[in-house]
Amino acid sequence: MHDLGIEMHELIRDLYPICRSLTGNGVRKTLKILQQQIPITIHEVPSGTPVFDWVVPNEWNIRDAYVTNSKGERVIDFQRSNLHVVSYSVPVKERVSLSQLKGHLFTLPDRPEWIPYRTSYYNETWGFCLSHKQFMELKDEAYDVCIDASLEPGHLTFGEYYIKGQSDQEVLISTHICHPSLCNDNLSGVALSTFLAKYLSQFSLRYSYRFLFVPGTIGSIAWLSLKESRIIKIKHGLVIAGVGDSGKSTYKRSRQGNAEIDTVVIHVLKHSGQDFEVLDFTPYGYDERQYCSPGFNLPVGCLSRTPYGRYPEYHTSADDLSFVQPEHLADSFQNCLSVINVLENNRTYVNQQPKCEPQLGRRGLYRAIGGSGDGATAQMAMLWVLNFSDGNHSLLDIAERAGLEFGVLKTAAHALEEHGLLKEVSPSTHSKQPKKTPRRSRKMGRRKRVS
Ligand SMILES: [Zn+2]
């Protein structure tokens with residue numbers, strides 16, 4: 001897992017210098033780099049396309065931007081940091097006084113070394129962001145301002161990668177790709193989603209998985225609008241955002257609040273051995289706002305570490321390559337993988353010997369699982385599974401009730417199934433899939449701890 005953390009961090013390093021925005025070549029370049037890892041399909045939606053109550057905006061591209069003083073020196077230079085330009089600034093080339101310039105400048109007086117990140121997506125204006133220290137050094141003189149950008153009809157670009165499973169029911173993993181040189185928000189999510197997709201693509205899976213790399217808000221709205229007929233296939237979903245900082249894991253529940261994904265993520269965090277926080281749904285945040293809008297109300301939660309806005313580095317130049325660390329990326333990856341492991345294996349069984357306890361010893365079942373760790377816990381897990389496998393309790397329901405980790409119950413259930421004591425129920429929602437756990441997806445469980 002440590003190596004994977006380093007690989008994710010290296011991908012973030014490669015993507016960091018690119019100037020991404022809602023639209024434009026930065027997003028395309030980012031997706032092309034991701035295609036070196038996974039075969040993402042790149043979609044282009046024309047500007048002006050109506051998507052529910054919104055319209056796909058004009059495409060923004062930037063080549064250069066600067067402010068020069070009377071000596072011709074670049075006192076603010078886009079080439080040094082793409083955060084210096086307010087994203088979606090309209091092109092400008094003019095000479096202005098200091099007071100005129102100040103009306104277009106943004107700083108963080110309480111963090112004088114940091115450059116803020118600002119956008120002006122839906123209001124045509126221009127602006128520069130700079131450290132307050134730089135700002136204080138500006139002299140009262142004339143400045144030449146240049147933003148060599150274009151804002152004209154083009155496309156909104158997003159990426160999609162679909163892994164076909166045995167069932168056409170889907171798990172949606174969505175992450176936003178519209179931020180420039182910022183690492184936790186949200187190159188961490190881009191890197192984690194990419195490596196998670198790459199990892200999962202090796203296995204035969206129960207669910208199909210759809211990975212979305214979309215610009216925030218308008219990207220998910222466009223996707224929901226264009227793919228509305230497919231939405232019914234989504235059974236579980238996660239928005240992945242801000243997963244590389246040193247804070248504890250945070251899970252924001254779906255609007256439904258008690259969907260299977262909510263129970264699964266909270267179960268995984270509870271058994272991760274680390275501190276975590278669970279937040280109720282609010283209609284603010286990342287793209288879960290769109291997936292959980294009342295017209296869809298999809299079971300989509302949001303997994304992050306420190307929530308957005310709760311760390312001072314958020315939306316500033318301090319959200320840099322040192323703010324995200326391989327170990328935290330790896331830890332978040334492990335949690336996502338554990339969530340998928342539970343989703344893939346959360347099945348409902350019926351006890352085939354329900355009248356009194358079956359004799360486990362005669363079938364060698366104590367021995368079968370006794371050697372794999374804590375024998376007493378394993379035995380207890382078998383008793384829980386046998387007692388509550390009445391067709392109405394999933395393995396996760398039983399795990400929660402027993403206070404045991406899902407994996408222990410999964411192992412117990414597999415052993416009981418192999419000895420004919422359990423039979424899986426095929427719920428109508430899963431009617432298209434084979435009854436038996438496929439060998440290869442079990443393998444995923446065994447390989448849970450990759451390194
Ligand atoms: Zn953001």
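Residues are numbered from 1 along each chain as its sequence is written, and side-chain values use heavy atoms, without hydrogens or water. Because the model is predicted, local features need pLDDT of at least 70 and side-chain atom pairs count only at pLDDT 80 or more, while totals for chains, interfaces and linings use all residues.

Start at the zinc ion. Its protein donors are His-179 (NE2), Asp-185 (OD) and His-315 (NE2), at 2.0 to 2.1 Å. Donors here are N, O and S atoms within 2.8 Å of the metal (3.2 Å for Na, K and Ca); water is not among the atoms, so sites may look incomplete. Along the sequence the donor spacing reads H-x5-D-x129-H. His-179 and His-315 link distant parts of the chain, 136 residues apart. His-179 sits in the loop between β11 (170-176) and α5 (183-200). His-315 sits in the loop between β16 (300-304) and α9 (326-345). Helices (H or I, at least four residues) and strands (E, at least two) are DSSP runs, numbered from the N terminus.

Is each histidine buried or exposed? Buried means under 20% relative accessible area, exposed means over 50%, and partly exposed lies in between (1.4 Å probe, protein chains only). His-179 has 10%, so it is buried. His-315 has 21%, so it is partly exposed.

Next come the salt bridges. A salt bridge is a side-chain nitrogen of Lys or Arg within 4 Å of a carboxyl oxygen of Asp or Glu. The count by this rule is 18. One of them joins Arg-210 to Glu-170, with the closest N and O atoms 2.8 Å apart. Arg-210 lies in strand β12 (residues 208-214) and Glu-170 in strand β11, 40 residues apart. Arg-210 is buried at 7%, and Glu-170 is buried at 1%. Both belong to a network of salt bridges that also includes Glu-160, Lys-227 and Arg-230.

Lys-248 and Asp-275 form another salt bridge, with closest N and O atoms 3.8 Å apart. These residues sit in two loops, 27 residues apart in the chain. Lys-248 is partly exposed at 37%. Asp-275 is exposed at 55%.

Now look at Thr-157, in strand β10 (residues 155-163). Its relative accessibility is 0%, so Thr-157 counts as buried. What do its polar contacts reach? The side chain of Thr-157 meets that of Glu-44 at 2.8 Å and that of Arg-28 at 3.4 Å. A polar contact is a pair of N or O atoms within 3.5 Å; within protein, one must be able to donate a hydrogen and the other to accept it, and residues adjacent in sequence count only if both atoms are side-chain atoms.

Finish with strand β14. In a regular strand the side chains alternate between the two faces of the sheet. Ser-249 and Tyr-251 point one way from β14, Thr-250 and Lys-252 point the other way, and all are buried. Two strands pair if DSSP finds at least two bridges between them. β14 runs parallel to β15, joined by 4 bridges. β14 pairs with β16 in the antiparallel sense, over 3 bridges. Thr-250 has a bridge partner in each neighbour: Glu-277 in β15 and Ser-304 in β16.
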